[in-house]
Amino acid sequence: MPFIDVETNLPASQFPDEVVKKLCSTAASILGKPEDRVNVTVKAGLPMLMSGSMAPCVQLVISSIGVVGTAEQNKEHSAKLFQFLTKELGLSEDRILLRFYPLEAWQIGKKGTVMTFL
């Protein structure tokens with residue numbers, strides 16, 4: 001159950017439903033998870049400073065069970081996510097940051113229990 005959290009100073013108008021759904025399907029494909037298990041949250045219009053500049057930028061936090069736990073995995077994910085983000089948002093690579101967090105099944109609550117028991 002991946003979580004993709006987008007934080008950006010870009011306006012919300014750059015994230016219509018179509019773009020959010022495309023990010024969801026792209027992340028599912030990259031992470032090898034079913035699309036209906038991917039959760040995407042977009043926080044747009046934030047005051048953000050990256051590398052000393054307030055220029056348009058985006059940070060993605062990618063959290064998931066079993067697929068973001070090694071440098072090798074994250075290097076592959078990073079290359080593919082950067083390709084998507086530069087194309088869809090028109091940002092250069094130096095205006096994009098990714099943070100990967102591996103999760104354990106007991107850290108995700110769903111249906112009155114945790115994923116360990118589902």
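**Ground rules.** I am working from a predicted model, where local features need pLDDT of at least 70, side-chain atom pairs count only at pLDDT 80 or more, and totals for chains, interfaces and linings use all residues. Residues are numbered from 1 along each chain as its sequence is written, and side-chain values use heavy atoms, with hydrogens and water left out. My helices (H or I, at least four residues) and strands (E, at least two) are DSSP runs, numbered from the N terminus.

**Entry: helix H2.** I listed the buried residues of H2 and found Asn74, His77, Ser78, Leu81, Phe82, Phe84, Leu85 and Leu89. Buried means under 20% relative accessible area, exposed over 50%, and partly exposed in between (1.4 Å probe, protein chains only). These buried residues pack against helix H1 (17-31), strand S3 (58-65) and strand S4 (96-103); contact means heavy atoms within 4.5 Å.

Entry: Next I followed the strands and found an open sheet of four, in the order S2-S1-S3-S4, with mixed pairing. Two strands pair if DSSP finds at least two bridges between them. Strand S2 (39-43) and S4 stand at the edges with a single partner strand each, so one side of each has no neighbour in the sheet. From one strand to the next, the twist averages 15°. S1 (residues 3-8) and S2 run parallel and are joined by five bridges; there I saw valine 6 opposite valine 42 in S2.

**Entry: S3, H2 and S4.** I counted eight bridges between S3 and S4, paired in the parallel sense. H2 lies across both strands, running at about 140° to S4; axes are lines fitted to C-alpha atoms, for helices over the stretch in contact, and angles run from 0 to 180 degrees between N-to-C directions. S3, H2 and S4 make a right-handed β-α-β unit: with the strands pointing away from the viewer, the path from the first strand over the helix to the second runs clockwise.

**Entry: serine 63.** Leaving out residues up to four places away in sequence, I found serine 63 touching Met1, Pro2, Phe3, Tyr101 and Leu103.
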